[in-house]
Amino acid sequence: MSSVEFVGPPPKQRNTKHARIAGELRAHPNVWGVVRKPNSITRAASAAQAIRNARLNAYAPAGSFEAVARTVTEGGAVEYRVYARYIGTSK
């Protein structure tokens, strides 16, 4: 018996957390959402830049998403957030 399972070609897009996030943002164009809460503003800024530049296929093409990093203080607690929204592509 073969140890290889032949099932056809892989799906075009993997079902990653980024694919799910990008899909949810596309379903609500121009609406900001908190997509990540990293442990530092540096990580938040890096994630926002990755979304804007479409370093991951889920956010392609580059420029179709806006993303920003913010430090938010609520009730004395500090939290770092990545806000993003789908703005579409300009043609």
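Two strands count as paired if DSSP finds at least two bridges between them. With that in mind, I turn to this structure, which is a predicted model.

Let me begin with the sheet. Strand β2 is joined to β3, residues 77-86, by 10 bridges, and the two run antiparallel. Within this pairing, threonine 71 has tyrosine 80 of β3 as its bridge partner. The open sheet holds 3 strands, ordered β1-β3-β2, with antiparallel pairing. Because β1 and β2 each have a single partner strand, they stand at the edges, and one side of each is left without a neighbour in the sheet. From one strand to the next, the twist averages 45°.

Next, the helices. Helix α1 lies across β1, β2 and β3, and runs at about 65° to β3. Helix α2 also packs on the sheet, where it touches β1, β2 and β3, and its direction makes about 160° with that of β2.

I close with the backbone in the loops. Most residues other than glycine have a negative phi, and most peptide bonds are trans. In the loop between α1 (17-27) and β1 (33-36) we find asparagine 30, whose phi is positive, near 65°. Asparagine 30 is partly exposed, at a relative accessible area of 47%. Alanine 54, in the loop between α2 and β2, likewise has a positive phi, of about 55°, although it is not a glycine. Is alanine 54 buried or exposed? Its relative accessibility is 16%, so it counts as buried, the cut-off being under 20%. Finally, the loop between α2 (41-52) and β2 (65-74) also contains proline 61, and the peptide bond from alanine 60 to proline 61 is cis, with omega near 0°.

Definitions and conventions: Residues are numbered from 1 along each chain as its sequence is written. This is a predicted model: local features need pLDDT of at least 70, side-chain atom pairs count only at pLDDT 80 or more; totals for chains, interfaces and linings use all residues. Side-chain values use heavy atoms; hydrogens and water are left out. Helices (H or I, at least four residues) and strands (E, at least two) are DSSP runs, numbered from the N terminus. Buried means under 20% relative accessible area, exposed over 50%, partly exposed in between (1.4 Å probe, protein chains only). Axes are lines fitted to C-alpha atoms, for helices over the stretch in contact, and angles run from 0 to 180 degrees between N-to-C directions. Contact means heavy atoms within 4.5 Å.
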